[in-house]
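Me: I have a model to go through with you. Please set each term against its cut-off.

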Amino acid sequence: MMKVSVIIPVYGVELFVERCVRSLLEQTLQEIELIVVDDCSPDNSIAIIQRVVGEYPHRLVKFITHETNKGLPAARNTGLAIAKGEYIFHCDSDDFVEPDMLETLYDVAKEKDADIVWCDWFLSFEKNERYMKQPQYASSMEALKGMLSGVMKYNVWNKLIRRRLYTDYAISFPAGYGMGEDMTVIKLFAYAQTVAYIPKAFYHYVKLNTTAFSNTYSERHLVELKHNVQDVLCFLTDRYGEALKTEMAFFKLDVKFPFLISDDKKRYNLWTTWYPEANSYIMQHKNVGVRRWLLQLLAAKGQFGLIRFYYRFVHKFVYGIIFR
C-alpha cells in the first residue's frame with residue numbers, strides 16, 4: 001500500500017505550478033503517489049507538470065482530466081476516488097512544501113497511530129513570510145472545539161488525514177460550493193480517534209496579492225459560504241446535539257469576521273445580518289485574540305467608523321506595505 005496519496009487540483013496556475021510539483025516530487029518520503037486533477041485548466045499548467053514529472057521517472061504520478069470545469073471541491077473528490085494511500089494530503093497547486101513534510105507527518109502519524117496530523121505553516125508573500133503557529137490539542141474533540149472557536153485553522157492543506165476517515169464515513173467535499181469547502185475538515189475531526197500536532201511549519205501558502213488581503217465575495221461566493229456553514233452546523237447538531245452550542249456560535253462569529261476586514265458598508269451590513277444570534281457570545285469569544293475580539297465588539301455596538309479607521313490605517317499598512 002502507498003503510504004500517502006497527494007491530491008493536486010489544477011486550474012490556471014502556470015506561473016506557480018512548477019515550484020509546487022517539484023516540491024512534491026522531491027519529497028524524502030518515497031512511497032507516495034501524486035494525483036494531478038486537471039479541472040479543465042485553460043493555460044499551460046498541465047504541460048508544465050508533465051515536463052517536470054518527466055524528470056522524476058521513479059515517481060508514481062496519475063493524471064485525471066475533467067471534461068468541464070467543476071471547481072476545487074469536485075477536483076478533490078475526483079482525486080479521493082482513485083487514491084490508494086493509507087493517508088491523504090491535499091496540496092493546492094499554487095503553493096509549495098518543504099522536502100521533509102510528508103515523511104515527518106507520516107512518521108508521527110504511525111508513531112502515534114493518529115488519524116490526523118497537523119502542523120504549522122508559512123503565509124508567503126512576494127518578499128516575506130509569516131510563521132503561522134497552530135495550537136496543540138490532546139484529543140480530536142479539543143481540536144474540533146479549537147477549529148469552531150477560530151483558534152485553529154481548518155485548512156485542509158496542512159493536515160495529513162487517514163484515508164479511511166473519508167471512506168468509512170462517506171465524507172466528501174461539497175461539489176459546486178467552493179467557498180468554505182475546507183470546512184469538510186471539521187467533519188473529519190469529528191470522526192477521528194487519535195490526533196497529533198507537529199510544532200514546525202512545512203507548508204507555504206502563497207499570498208501574492210497583498211493589496212487585497214481579505215477575500216472578495218461575489219454573490220455566488222456568499223451562497224456557497226452559507227451553504228457550507230449550514231451543512232457543518234447541521235452535521236454537528238445531528239452528531240452532538242446541544243453539546244457544542246457555544247462553539248457553534250463562535251463558529252458563526254468566525255465565519256462572518258472577514259466582513260469586518262474592509263471599509264465597504266455593504267460588507268458591514270453582511271456582518272450585521274448574518275447570524276445575529278451569535279453576537280451575544282462575543283464577550284465569551286476572547287480566546288481568538290484581542291484584535292479580533294475588539295473588532296467584533298465594535299461591530300456589535302455599531303461602531304463601524306472605528307472599524308473603517310482600523311482597516312485603512314492599520315490593516316492595509318501592515319499587509320500592504322510591510323508584508324510584500
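Me: What makes up the lining of the second largest pocket, by class?

Reply: Five nonpolar, two polar and five charged residues. Nonpolar covers Ala, Val, Leu, Ile, Met, Phe, Trp, Tyr, Cys and Pro; charged covers Asp, Glu, Lys and Arg; the others, Gly among them, are polar. The model is predicted, so local features need pLDDT of at least 70 and side-chain atom pairs 80 or more, while totals for chains, interfaces and linings use all residues. Numbering runs from 1 along each chain as its sequence is written, and side-chain values use heavy atoms, without hydrogens or water.

Me: What is the volume of the second largest pocket, and which residues are closest to its centre?

Reply: The volume is about 160 Å³. A pocket is an open set of points on a 1 Å grid where a 1.4 Å probe fits, with protein on both sides within 12 Å along at least five of seven lines; lining residues have an atom within 4 Å of a point. The volume is the space filled by probe spheres set on the points.

Me: Which helices supply at least two residues each to that lining?

Reply: α8 and α10 (265-273) do. The largest share, three residues, comes from α10.

Me: Why is α7 called roughly parallel to α8?

Reply: The axes of α7 (residues 184-191) and α8 (residues 219-240) cross at roughly 15° and come within 9 Å. That angle makes α7 roughly parallel to α8, as the limit is under 35 degrees. Axes are fitted to C-alpha atoms, and angles run from 0 to 180 degrees between N-to-C directions.

Me: What makes the contact of α7 with α8?

Reply: Ile186, Lys187, Ala190 and Tyr191 in α7 meet Asp231, Val232, Phe235, Leu236, Arg239 and Tyr240 in α8. Seven of these residues are nonpolar, none polar and three charged. Contact means heavy atoms within 4.5 Å.

Me: Why is α5 called roughly antiparallel to α7?

Reply: The axes of α5 (residues 140-148) and α7 cross at roughly 160° and come within 8 Å. So α5 is roughly antiparallel to α7; the cut-off is over 145 degrees. Ser140, Ala143, Leu144, Met147 and Leu148 of α5 contact Val185, Ile186, Phe189 and Ala190 of α7. By class, that is eight nonpolar, one polar and no charged residues.

Me: Which residues of α1 and α2 meet?

Reply: Val17, Glu18, Val21, Arg22 and Leu25 in α1 meet Ser45, Ile48, Ile49, Arg51, Val52 and Val53 in α2. They divide into seven nonpolar, one polar and three charged.

Notes: Helices (H or I, at least four residues) and strands (E, at least two) are DSSP runs, numbered from the N terminus. Angles under 35 degrees count as roughly parallel, over 145 as roughly antiparallel, 65 to 115 as roughly perpendicular and the rest as oblique.
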